[in-house]
Amino acid sequence: VVIEESLRHEILESHFESAQSLLDAIGETGQFHVLYLLDTEGNVIFAPNGEGVGQELSNDDPDCQPCHRLEEEERPGSVVVTLDSGERVLRSMVPMENSPECAECHQTEGEEPLALLLTDTPMAELEAALQADFWENLLWLASAVIVTVVVVNLALNQLVLKRIKLLGQALAGFGRGRHDLRLSGGDPDEI
């Protein structure tokens, strides 16, 4: 969204060199595999360092099918795509909506977007962080379960099992003829 707003501002002000510089700077960060501004026909009109400008992207491309096989109103704004190389990327398509300020240069009317911002962001770092968080959370959960089991076991031993053992010993002694055994009163409960 920040990229889209920045590009929109530069393009509305007709600062096309600044828009290209912005994309060049973003492209140098390495955070995106693809960063294209497409016209409504799928032609790349801006890209970092101008690489790919003029290229026409097809909706029939297998990488585009996770979204374009759906009806337009059902298409998500972003989807995880596995590239031919096996790398997973988060592909986002952000429409640059038509607005009254655009009418100076574009004669189109209506709600049809004027351009689309296409980005492919590698998932490797995000997935590594999520996996590390998963194992950390799993470790905490296992620790909590172990502590709970130990505490419950100790409580059962002190409150129930120890008292039942004493009762069993007294009854065994009574069965051997020792009628003088006494149990301490203890708590007034079932035991």
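How many salt bridges does a search of the whole structure find? The search finds 2, a salt bridge being a side-chain nitrogen of Lys or Arg within 4 Å of a carboxyl oxygen of Asp or Glu.

1. Basis. This is a predicted model, in which local features need pLDDT of at least 70 and side-chain atom pairs count only at pLDDT 80 or more, while totals for chains, interfaces and linings use all residues. Residues are numbered from 1 along each chain as its sequence is written, and side-chain values use heavy atoms, with hydrogens and water left out.

2. Glu-127 and Arg-88. These residues form a salt bridge in which the closest N and O atoms are 2.6 Å apart. Glu-127 lies in helix α4 (residues 124-175) and Arg-88 in strand β4 (residues 88-96), so the pair ties together parts that are 39 residues apart in sequence. Helices (H or I, at least four residues) and strands (E, at least two) are DSSP runs, numbered from the N terminus. Glu-127 is partly exposed, with a relative accessible area of 30%. Arg-88 is also partly exposed, at 37%. On this scale buried means under 20% relative accessible area, exposed over 50%, and partly exposed in between (1.4 Å probe, protein chains only).

3. Asp-120 and Arg-91. A salt bridge joins the side chains of Asp-120 and Arg-91, at 2.7 Å from N to O. Asp-120 lies in strand β5 (residues 115-122) and Arg-91 in strand β4, so the pair ties together parts that are 29 residues apart in sequence. Both residues are buried.

4. Surroundings of Asp-120. The relative accessible area of Asp-120 is 2%. Not counting residues up to four places away in sequence, Asp-120 touches Gln-31, Phe-32, His-33, Val-34, Val-89, Leu-90 and Arg-91; contact here means heavy atoms within 4.5 Å.

5. Largest nonpolar core. A nonpolar core is a set of buried Ala, Val, Leu, Ile, Met, Phe, Trp, Tyr and Cys residues joined through side-chain atoms within 4.5 Å. The largest has 9 residues: Ala-19, Leu-23, Ile-26, Leu-35, Leu-37, Phe-46, Met-96, Ala-115 and Leu-117. At least two residues of this core come from each of α2 (16-28), β1 (34-39) and β5. The most come from α2, which gives 3 residues.
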